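This report describes selected features of a predicted model.

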Amino acid sequence: MSKITKVFIGFAAIVLILALIANTPIDAKSKYKTNATGLAKPAELSAEQFDGNTIACWMENTGLIVSQNVTGSSGMEWPKGSNKTIDYASGLWLFGKTPSGEIRSASSEYATEFQPGQILASGALSNPDDPKYRIYKINSDGTGDWDVWPFDQGAPSVKDKTGKDSLDTEGKKIPQLIGDQTLFWVMNDGNLANHGNFMQTNVMNLEQQVLIFGYNTANPLGNIMFIKWNVVNKSSIDYDSVYVAVWDDPDLGDASDDLVGCDIELGMGFCYNGGPVDATYGTTPPALGFDFFQGPEVDGEYLPMTSFIYYWNGAPDPFGDPEDAQQGYNFMKGLRSDGTPYTDPDGNNSRFVFNGDPVTQSGWLDSKPDDRRFLMSSGPFQLKAGDTQEIVGAKIIAPGTDNLAAVNALRFFDSFAQTAFDNNFDLPVPPAPVLEGVGLDGEVVLKWQDAGKRYQTIEGYDFKGYKFEGYNVYQGESVTGPWKLIKTIDLVNEFGIVFDNTYDAGTGMVLEKPVTFGSNTGMSREYRVSSDAIAGLPFYNYKTYYFAVTSYAINPDISPKVVESGQIALAVNPSAPALGQELHYEYAELVEVNHVSGSSDAKVVPVVVDPTRTIDAIYEVVFGRQESASKVDEYWHLLRNGNRAISFNRNFSGDEDYPIVDGIKWRVSGSFAEPLDFSKFIVTPEGNADNYDIDSYFVNHWSEFSAAAWDVYGLGHTDVETLQRDFEFRFTGVMSDDGLSVVSGGQLATFEGARQYDIATHPLNPNPGVAEPFLVRIPFEVWDVEDPDNPRQVNYSIYDRGQADPTAADFTVFDLDGRMYTCTFSSDYDEQIHMPGEDPTATWNLVTWEVSWSPGDVVKFVYDNPIVAGTDVFKVTPIGFTKNSKAVARGNIDKINAVPNPYFSWNPAERTPTTRIMRITNLPPSGATIRIFDLAGNLVTVIDDAVRSNQGTLNSSFAEWNLRNSSDVPVASGMYIAHIEVPGVGEKTLKLAVINRDERLLYF
């Protein structure tokens, strides 16, 4: 029995006794490593979590990149928030020889030989207890240690193209964020006392600057944690025969059924489940790998992985945990701890253990599932005094349909990590939206138009040919997924469904599949979800549902064609309004608007996007316009009770980019300029609309600026008041039997000319042979109807563009089947000649192509009235969300209920095996007191505002009972009574049934 084993047994006995005294469970699997030479003084330990994507990993500024010390068990959780763990502990080993042949180490295992801080220029160690030598963390959303980034400790800064520091507007260096989250710390192995904790060697006096980073994307990069170790030899010794290795104790769910292997070509070591089912991950266990992208540099080349070995927990020598420097050094060289080689099944020596292919079950494979460790090394190399080596690698996790498919997925995911490294981590990573959810009665409203306007950065994303395209809306089965795409919201352009190569977990192959499902719906930043897309059922109130919204960008010329931000889960509980609350609007309902001043055709459209935030207020939209020699500034303000809630908004497009105030999105559209053409024409009766094909010179690009007479004919009105006036064609004419002329009705119009014949030959010319304009009766009247109560008939002119032969049998005064160029005039109808290029009252040009009119038809041409600054005012008075009405509460107190009731072993809201949740629903946001009694009348527990605050249900419509009593002991199965008291409103009593599930001890 080794000395480590002996010490472990003694220690385990002590731990067991203490555990029994404390009546708390202990983990039967210990990773304890003893201190052979006495404990070093503990330094200022800083632990921080990488949680920048689907991985949540604890690490320490004393060396462990995966730390078991924080949680007391595995240090890496995947997926983040699932309470499922995949990696127990991991760190970097460095071993080398002095000129005399002495082996020294600077390594991190369960114990570590490092302490926080730098080795100073004098050779002295910085104070490890100085809190500045902590782990620093910055995020892409702007949170974190941006203002205190430790440049003086070696933390990287943004560089320009020349390699110099880029500076911000204040002349300060800018922290280098890689991906969506970056962590940094510095440490050294210069304290001899720390070396008694592991390999019992002398110090190497190495300083390590560690950089951890990752990308929050929906592609494989979202499952990868990158690591850079910058190793600086600050001793005066030239080390030779140096090896660097990543040590890992992977515990993939259940630690006892793991297998390991390596892929020599990829330079990757990995761990996978030993069978198709894992006690933690079930039937779809993932795989975990580590890849060396950049090993030590030797003669201008970077060494690859030069060996991969394994050993396991409790194994006999030479396969157990190393107990001294020589054993550790042997492992790093690819040998067993006693220096003998590993041999494959054919008896061949190999430094790459288990280098076969588990997917095809070929080659040398691990075959005995157990609690594995592996060590993947690179070397030998020299590390002279003052030398620096940069080591780059990554932890990679891949899911699969089974344990072997996960290995295939891991290789595919590794290609993404390799591409990231090959591109120096300068990758397209669209930002993730800031998501907010509103739980309503039987539905959920998702919103991501955040007040910080991050959405503007997202929608302006343009990086190396990747441009923002849209948003994907997902529902998750849990906080960590799996995720179901329920909606794609995208720009209107040439992109719709996009195909690209992707890993298909079902077949274990890389296939061309749809990677995004755009439908050119147009932009939106809200989405109402009205049913459970996972279960295919309506939403259940008070049940927790999970949603995420991602942004994605497209570059059609390269692969991957689509890059997408990662899913950030949001938990939402649909619910009826809390007791005493009342909604007055539904999502997307329009609030009534009154145009109280002015006559413009501007549109103010208040759309309710959050009915829980409307308030009683008087809102006014007013307009401003300032003109200078250099520019014209046009804008609008939103006043709330006379004070500005929105100032100088210049959006008049009618799109989605409008601010949200008090739960209402305020859309304003219109123009200060005179109209360029009619905005629409309206045919009465509506069923005859298809009989009219009418447009203008402007639509056909025969005039450059507008359809106004001043542009088409060179003369006419330019004043806005006249140009904005609407007019109608009223078809009152009766045609002659031959269809040539109008015998009654209609009005006289100026026949000004023709293109293909001489008007002197027109059969209705009152002066035959004279090519001068004349009056002719047309089948409709032209009326100015801007003031509907006082319509006014106006003058009109026509020009025959379509007919060629005045003697033809089908010739007519107003060509119904061919082009007629026409002009309206603002002058009162007077049966006089009016020529467009001569009469200054000319107003608008029209082109009639086909007019199949019927007597009584009316065609109205609408010209938008421009906004007049200081005149136009729109008023809105929404009804505010009722927040705390005792009258409303009294009418609904009988709706207080409990779900699930009976509680039968389980509630979907429970996320851990030890959690129990019953919810008391339809409560007021605060003020209620819930007292739970057993049938003997004994008070079991009290849930008041303080308890609700701790559980996070204060200011919601429900509270949670954790099925424990006031002493935090689980209650027995049985019947209970809940008495709910709402001061000033009333009381409600409920019967509660609890049927607990069986309990099983995990360890004994």
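Asp-784 belongs to strand β50 (residues 780-784), while Arg-725 is in the loop between α6 (720-723) and β45 (727-731), so the contact ties together parts that are 59 residues apart in sequence. Asp-784 counts as buried, at 7% relative accessibility, whereas Arg-725 counts as partly exposed, at 24%.

Asp-784 also forms a salt bridge with Arg-792, with the closest N and O atoms 3.0 Å apart. Arg-792 has a relative accessibility of 25% and counts as partly exposed. Through shared partners, salt bridges join Glu-721, Arg-725, Asp-784, Arg-792 and Asp-828 into one network.

The whole structure contains 39 salt bridges. One of them is between the side chains of Arg-525 and Asp-657, at 3.8 Å from N to O. This pair links distant parts of the chain, 132 residues apart: Arg-525 is in the loop between β29 (509-517) and β30 (526-529), and Asp-657 is in the loop between β40 (643-649) and β41 (660-661).

The two partners can be compared by accessibility. Arg-525 is buried, with a relative accessible area of 3%. Asp-657, at 27% relative accessibility, counts as partly exposed.

Strand β21 (residues 372-383) has 10 of its 12 residues buried, so the strand is largely enclosed by the rest of the structure.

Two pairings of β21 may be described. Strand β12 (residues 239-249) runs antiparallel to β21 and is joined to it by seven bridges; here Val-246 stands opposite Met-376 of β21. Strand β18 (residues 307-312) also pairs with β21 in the antiparallel sense, over six bridges, and Tyr-310 stands opposite Phe-374 of β21.

## A five-stranded open sheet

Five strands form an open sheet in the order β57-β63-β62-β59-β60, and the pairing is mixed. Strands β57 and β60 (939-943) are the edges, each pairing on one side only.

Strand β59 (residues 929-934) is antiparallel to β60, and four bridges join the two. Within this pair, Phe-933 stands opposite Leu-939 of β60.

Gly-753 is part of strand β48 (residues 747-754). Gly-753 is buried, with a relative accessible area of 6%. Although Gly-753 and Ile-798 are 45 residues apart in sequence, their C-alpha atoms are 7.6 Å apart in space.

## Backbone geometry

Most residues other than glycine have a negative phi, and most peptide bonds are trans.

The peptide bond from Thr-684 to Pro-685 is cis, with omega near 0 degrees, and Pro-685 is in the loop between β43 (680-684) and β44 (692-695). Val-899 and Pro-900 are likewise joined by a cis peptide bond, with omega about -15 degrees; Pro-900 is in the loop between β56 (897-899) and β57 (903-904). Positive phi values occur at Gln-361, near 55 degrees, and at His-701, near 65 degrees. Gln-361 is in the loop between β20 (349-350) and β21 and is exposed, with a relative accessible area of 53%. His-701 lies in the loop between β44 and α5 (709-712) and counts as exposed, at 70% relative accessibility.

## Surface patches

Asp-693, Asp-805, Asp-810, Asp-817 and Glu-850 gather in a negatively charged patch on the surface. Among them, Asp-817 is in the loop between β51 (792-800) and β52 (820-828). Asp-817 is exposed, with a relative accessible area of 63%.

A nonpolar surface patch is formed by Leu-485, Ile-497, Phe-499 and Phe-517, which together have about 360 Å² of accessible area. Leu-485 lies in strand β27 (residues 483-490) and is partly exposed, with a relative accessible area of 31%.

Technical notes
Residues numbered from 1 in each chain as written. Predicted model: local features only at pLDDT ≥ 70, side-chain atom pairs only at ≥ 80, totals over all residues. Heavy atoms only, no water. Buried < 20%, exposed > 50% of the residue type's maximum accessible area, 1.4 Å probe, protein only. Pairing = 2+ DSSP bridges. Patch = residues over 30% accessible without salt bridge, like charges linked within 9 Å, V, L, I, M, F, W, Y side chains within 5 Å. Areas by Shrake-Rupley, 256 points an atom, 1.4 Å probe, with all protein chains shown as cover. Salt bridge = Lys/Arg side-chain N within 4 Å of Asp/Glu carboxyl O. Lys, Arg positive; Asp, Glu negative; His and termini not counted. Charge placed at Lys NZ, Arg CZ, Asp CG, Glu CD.
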